Each structure stands twice: as C-alpha cells, then as structure tokens.
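Please keep the sequence and the structure in view while reading.

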Amino acid sequence: MAEYDLTARMVAHMDRHLALPLLEFLQELKVYADAQILQGKISLLSGTNMVDYAMDIHKSLHGTEDVPADMVARRSEVVERLRSLQDAVKPIVDFLSSPQLVQELRADKQYNLHVLQERHQIGPDQIEALYQYAKFQFECGMYSEAADFLAQYRALCTDSERSLSALWGKLAAEILMQNWDVALEELNRLKEIIDANSSSASPVNQLHSRIWLMHWSLFIFFNHENGRNGIIDLFFQDRYLNAIQTNAPHLLRYLAAAVVVNKRRRNMLKELIKVIQQEQQSYKDPITELLECLYVRYDFDGAQQKLVECEQVILNDPFLGKRIQGGNSINVPLRDEFLENARLLIFENYCRIHQCIDISVLAEKMNMTYDEAELWIMNLVKSSKLDAKIDSVKGTLIMTTNRVNVHEQMIESMKNLNARTYMLAKSLLDLGHPPAQEAAR
C-alpha cells in the first residue's frame, strides 16, 4: 500500500520531530524496507541535537558498534553548547523556579521587564537566552522542559514574531508528549494569531501557515475525543479549504474520513463531494473515490471495490490506522467505524433507487456474507425505523416508499403562494391607507 502512503507529502509541512512518529509507524507495519526507514530517520535526526539516538540507529542500520567521526564531533558540540546555554540562562531559570519571585510579575510585559532588570539584573540578553535554551532542549528531545521554558518565554517576550515561533514550538512539544487537551488549546491559540495577521502578513505566508497548521492538527484531531468535529470545523472554513485546494489536496483524505464516521455531520457531504470532484485531477485515493462512486457516478460495484481498498489505506495510514491494545487483541477503532458507516452510506444510496432489493446482491456490494448482511439490515431497519420489511423466504428487502403525486404537490404549492401573496398585498394596502378614524384626525 506504499502507493497511497502520504508520508513524503506530509513531512514537507512538519517539524522534523513530528515526522519521526510517522516513520516509526511505517517501520512497525513494514510498509518499506527497514534500511530505508532507518536511513530516513538518520536524515531527519541530522538536523536535531538527538545525536545519541542517531548513533543508535546508525549502529542498527550497519550492524556495527562504530559510528562516523562527524557524529562524534557533533555530540561534543551539543554538549559544549548545552553547558554554555546553562550558564547564560541560569539567572532567569533560578528566578522562574522561585514561586515567591514569580509573584512579583504581572500581566503587563513592559512592567515585568522593568522589574527583572531593576531588581534581579535580568535583561533582554537573559530572556533571549531562555528562548535559545528552550529551543535547544526541544532539539534534544526534552519536550517537557522545552514546553515549560517556551511558555515562560512567551509570558515575557515583547517580539510578536519570536513569540509566534515559540508558540509553534510549544504546540509541537505538547503533541509529541501526547497532551491532547493542552495541544488543542495551543492549536486554537495559534489559529487565532494566524487569522488575526491576515492584514499584515503576505498571502503566501498566510497560505504557508495554514497548511502547516492543518498538517500538525491531524495529530490532535485523530487522538482527541472531539477531534472528528474539530477537523471538520477547521478544514471547512473558507480560508482553510482554499489552502487545501491550492497546495494540499491530499488532506481531503482525512476530511473525508472524518465526515464518513461522523453521522451528525453528514450535512457536509454535499460540499465535500463538490471539492473532491474539483480536485480529482490533483488528488484521489480509495476514500475520496468511494464517495465519488456513491454520490457522483452511482457506481455500486466500484464502491464495493473501493471499500476493500479503503480498509487497507486506513490500516497503513499513521493517523487513521491508530492501534489500541485490547486484552489479547489489537483494534483499529477508526477502521471499524469507517467500514460500518461506509456500508450504511452504500445501503442508503442503493435503497434510494431500488424498491425491491436482493439481500445477496446487497451483501456482495457491502463485502459481507449473506447471513451477516441479513442480520445487519434487520438491526438497521429496527434502529433507523426505515419504512421497509425483509422477506426471508425470497431473500429480499422491500422498501415501502411514499410516492408523491407531483401534480397535487404543485397545486398545493400554488395555493400556499396565492395565500402568501394575498396577505402581502393586504399588508401593503393597510400601510398606504390608514383607518378612517385615524385619517379624520
């Protein structure tokens, strides 16, 4: 299923540290050869301070205890830089570590800078060192420390651009620690800033920021309890949907999956189908094609084939194919939800154009056995209160449709229109001709 792997597209819009979990997922599933994944990890780590981790991977890749001289030299540089930063940041770290001293600070950043300078001899250089130290900790993979220092830095920073950079780092750290509630708060905070800068930032920078934000948001939305609503709310906003269509149509996979499994948001299907059609030359996969088969071509045989492929796409996708250990088995919750809801969509659409349905045919189209399909339909009819009945002898599902007499419907509509026109005309006449007693005054 490497054909449908989006990792190469995704990592282009992610921090190196966020790309590592994607490679871990692909390595676990053996989507690519181990050597290829390990080499990819080394390439990513070369731009970080996680030198020990890179050394371990190099040893595993080449089956040796020796490491390249450049890695050894790089490790020495990291250790030396760490010591230098620790000395530079010690005054402000000591201050921030004291609850009594921190109580002197207020919401006014300028006041805080004055207090730090006058009372504790902590100036702009030490505050800048705090940012560099937090960034260094992040590059070392010390995400908890980095998140704390970045939050403290933002409380003191008066440079809006540097503060925004710190917020991106804070978001990445929270994602990597899997603090989904906090990460969602930071995501929303970052979105507000990006949208508020629409007048000052260039259109290209705005597009770039929104695309990065949506890619990072996938970690949160497919792990947070309300994530399926969150991704729909964000991705369907005009500016974000335009960004998807302009430079990231592959994100339609995740939007489509979220809409399919979210029964309460099926009202977004029409808009989603329109976008999928518009972007079909730029991007398509079994998930988007399944919806196109159902709602554009009404190709149920094609939908049946795409449903089989959808399962494999989900299982091999780092965001959709999240595994959960349950006792002695491993479950993929979104896979199960998607297949159930996709079968429901196939069933609903098939029933709209057929009055008498052979259950064996329907079972084939939903990739189920006859008995499974009959039981599934029985439960569906009962729970959904569909106006239908099952003929077990003939093996058919009979839809009892209430057919509308179009002629009678048109007559009724004309009556309603005439009544509304009469009331409107009467209201206008009343406004133009006041009652006689009023006119006499």
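Leucine 45 is buried, its relative accessible area being 3%; buried means under 20% relative accessible area, exposed over 50%, and partly exposed in between, with a 1.4 Å probe and protein chains only. Leucine 45 belongs to helix α3 (residues 34–45). Helices (H or I, at least four residues) and strands (E, at least two) are DSSP runs, numbered from the N terminus. Leaving aside residues up to four places away in sequence, leucine 45 touches Leu20, Met50, Tyr53, Ala54 and Ile57, where contact means heavy atoms within 4.5 Å. Between leucine 45 and arginine 16 there are 7.5 Å in space, C-alpha to C-alpha, although they stand 29 residues apart in sequence.

The model is predicted: local features need pLDDT of at least 70, side-chain atom pairs count only at pLDDT 80 or more, and totals for chains, interfaces and linings use all residues. Residues are numbered from 1 along each chain as its sequence is written, and side-chain values use heavy atoms, with hydrogens and water left out.

Helix α11 (residues 180–196) comes next. In α11, the buried residues are Trp180, Ala183, Leu184, Glu186, Leu187, Leu190, Lys191, Ile194 and Asp195. Seen down the axis of α11, these buried residues fall within an arc of 165°, so they line one face of the helix; the arc is that of the directions from the helix axis to the C-beta atoms. An α-helix has 3.6 residues a turn, so residues three or four places apart point the same way. Asp181, Glu192 and Ala196 are exposed on the other side of α11. The buried residues of α11 pack against α10 (160–176), α12 (203–221), α13 (227–235) and α14 (238–247).

The two pockets are set out below. On a 1 Å grid over the protein atoms alone, a pocket is an open set of points where a 1.4 Å probe fits, with protein on both sides within 12 Å along at least five of seven lines; lining residues have an atom within 4 Å of a point. A volume is the space filled by probe spheres set on the points.

| Pocket | Volume | Greatest contributor to lining |
|---|---|---|
| Largest pocket | about 530 Å³ | α2, six residues |
| Second largest pocket | about 390 Å³ | α10, six residues |

The largest pocket is lined by 17 residues, and Pro21, Gln178, Asn223, Pro318 and Lys322 lie nearest its centre. For the second largest pocket, lined by 14 residues, those closest to the centre are Ser160, Glu161, Leu164, Asn197 and Ala201.
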